[in-house]
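Hi,

Here is the structure I promised to pass on. Have a look at it first, and then read my notes below.

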Amino acid sequence: MKTLHTAGTPLLEIRNLSVVYETDTGVVHAVDDLNIRLEQGKTLGFVGETGAGKTTTARAILRIIQSPPGKITGGRILFEGTDLLSLTDEEMRSIRGGRISMIFQDPMTSLNPVMPVDEQIAEMVRLHADVSAEEARARAVEMLRMVGIRPDRAGDYPHQFSGGMRQRVVIAVALACTPALLIADEPTTALDVTIQAQVLELIKELQKKVRTSMILITHDMGIVAEICDEVAIMYAGSVVEYAPIDPLFERPLHPYTRGLFRAIPDITDDSTAAIEVIPGTPPDPTDPPKGCSFSPRCSRAKDVCFEKRCGMREALPGHFVDCYFPLLEEEDALARSEGGAR
Amino acid sequence: MSGNGTNRPILEVNGLRKYFNVKSGVLHAVDGVDLHIGKGETLGLVGESGCGKSTLGRVVIGLVDATEGEILFDGRNTLAFDKREKAAFRRRAQIVFQDPYSSLNPRMSVSQLIAEPLDINRACASRREMDKKVAELMDTVGIAGRLAGAYPHELDGGRRQRVGVARALALDPEFIVLDEPVSALDVCIQAQILNLLGELKRRDGYTYLFISHDLSVVKYVSDRIAVMYLGKIVETADRLDLFKTPQHPYTQALLSAAPIAKRGAARERIVLEGDVPSPISPPPGCRFQGRCRYRKDVCRSETPELRPVGANGHAAACHFAGELGA
């Protein structure tokens, strides 16, 4: 793949990224020749199942992959034009929490349990900006207010907050230095649905207010539909489809993406018919297939699919797919006549 | 997975309570629950963490003792069973747990895990009969025979959950509590397990109590649905009625909060303020009143009972159910 877009300088561009974990049972190819691009001010969803490489990609961007066993074996991560992989550790430290910050799934493990929450935010602010202790503390209270936490609770410790409130604190920490890029890794997965709704509303509101670009990692297509501008579908360590949200939902082109959509029970559908499932399981990451990583499970696979990976191509304007035989219209009609559609 | 059961309930629960003594008071996990499940029916039990749904599931099959109330299984009160009757009941009522990672003994192989309930209950006359039964069960839940000697850590989440289902089926039960059986699984694996549970039910007519926090899954699998909040059932209805005309303000908020995996599906979302209050020494009145946008004085003083609000047994525990816009 040359480039995904032609116009504009992207905020983030990942080229041919590969990450491996060296384990006792073999080399795990967690991210395998991944390409992605994120424009300023956009929210990109990373969607995929466990082990697809979503979190590893995010950690690679921040260079927080534990090594050993992890290792970035190739590629470039261009952020605001600079290759993050070429920076010194010290330069990288100033980027983390400053220009790029991350929200993790479990709010309890990303907060310091023995420090009041306002101090945790102030600490972050002082690390990245030349401000006095009082200014930092004022900023902390302001951030907490923005995420809906009253100033009189600013001095409380993490354990004094509920799960949803803790995730608000984490969001406040992440946004304290107005990052250009926020990476949110399953930010609402640990929360109940009514609390998730509160946090999603907050994220949407903050998107408008702060205009931070965002990578949202999730396995929940409902959250993607609500928050994202663009979606990257990940499978077995690489992006298999990448498109703006509407085309992706209206017409997924990769057989895996379509299978993923069909596997989710649809809350707006009254049917109780059997769910159409993708047979089998994702490939062993220590022994990925030679050709397309989805070929062993794909009902449309032909000889070429087992031989060589296709690589990303622009099947429709702005809609990229790593498949020799994307699900274009005539093919859809064919599938229907064969009774393949649900 | 639907296919309505007969009207005769296989399970009927009346005034069931389960309290736990904790350091700071008494935790009202299940606080006055009435419900019934018809033979061959799937009742979906939905609610958020801490609402008492798992405790309720465990109490009804006798894994946890009830504090108060009545559990009628096939018309007989299980709480009055003697030791022998209890053992017989436990064979007829089984459970599948959420986490296939922690509910399987890591030191037992697949075949040992599936044989364990057979062995404990001396359900097979000979070793050969047991091996045959284990092989049958593996086939039923779709685990390849070559995996008989594999250990849990060698299996992916979906296969582990299949082992959990095989264990529950081993003693030919009639009633199975499924406690978040697909919550720990990826969507493709989740779909495989949901299909398996549906096939089993069609084939063998099991009755399910399907506990989940996932509304789309509950809608898909259930014949009827009960919504639980802080130890109480706040609404119960046929699956489609519940989604079409939710009557309790909590149900309305819950349904509106679920993200929909479709574009242009956005609807007005009722965002509830605050969190679920503590189930330890809960205040009198309606459990939901602190977060309810319709609350009036009576909600603080009087606890609303579950009462009929529509056809097909639709009931809601709200003083103003039927008067609120759905």
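Which elements do the buried residues of helix 9 of chain B pack against? Before I get to that, some ground rules. This is a predicted model, where local features need pLDDT of at least 70 and side-chain atom pairs count only at pLDDT 80 or more, while totals for chains, interfaces and linings use all residues. Residues are numbered from 1 along each chain as its sequence is written, and chains are lettered from A and ligands numbered from 1 in the order in which they are written.

Now the answer: those residues pack against helix 7 of chain A, and also against helix 7 (215-221), strand 9 (224-229), strand 10 (232-238) and helix 8 (239-244) of chain B. (Helices are DSSP runs of H or I with at least four residues, strands are E runs with at least two, and both are numbered from the N terminus; contact means C-beta atoms, placed from the backbone, within 7 Å.) Helix 9 of chain B spans residues 249-257, and seven of its nine residues are buried, including Tyr250(B) and Leu254(B). Buried means that 20 or more other C-beta atoms, placed from the backbone, lie within 10 Å of the residue's own.

As for the two chains, 37 residues of chain A are in contact with 34 residues of chain B. Helix 7 of chain A gives the largest share of chain A's side, seven residues.

One more spot to check: in helix 1 of chain B (residues 53-60), eight of eight residues are buried, among them Lys53(B) and Arg58(B). Gly62(B) follows this helix with a positive phi, near 85°.

Cheers

How values were computed:
A residue is buried if 20 or more other C-beta atoms lie within 10 Å of its own, exposed if 12 or fewer, and partly exposed in between; C-beta atoms are placed from the backbone.
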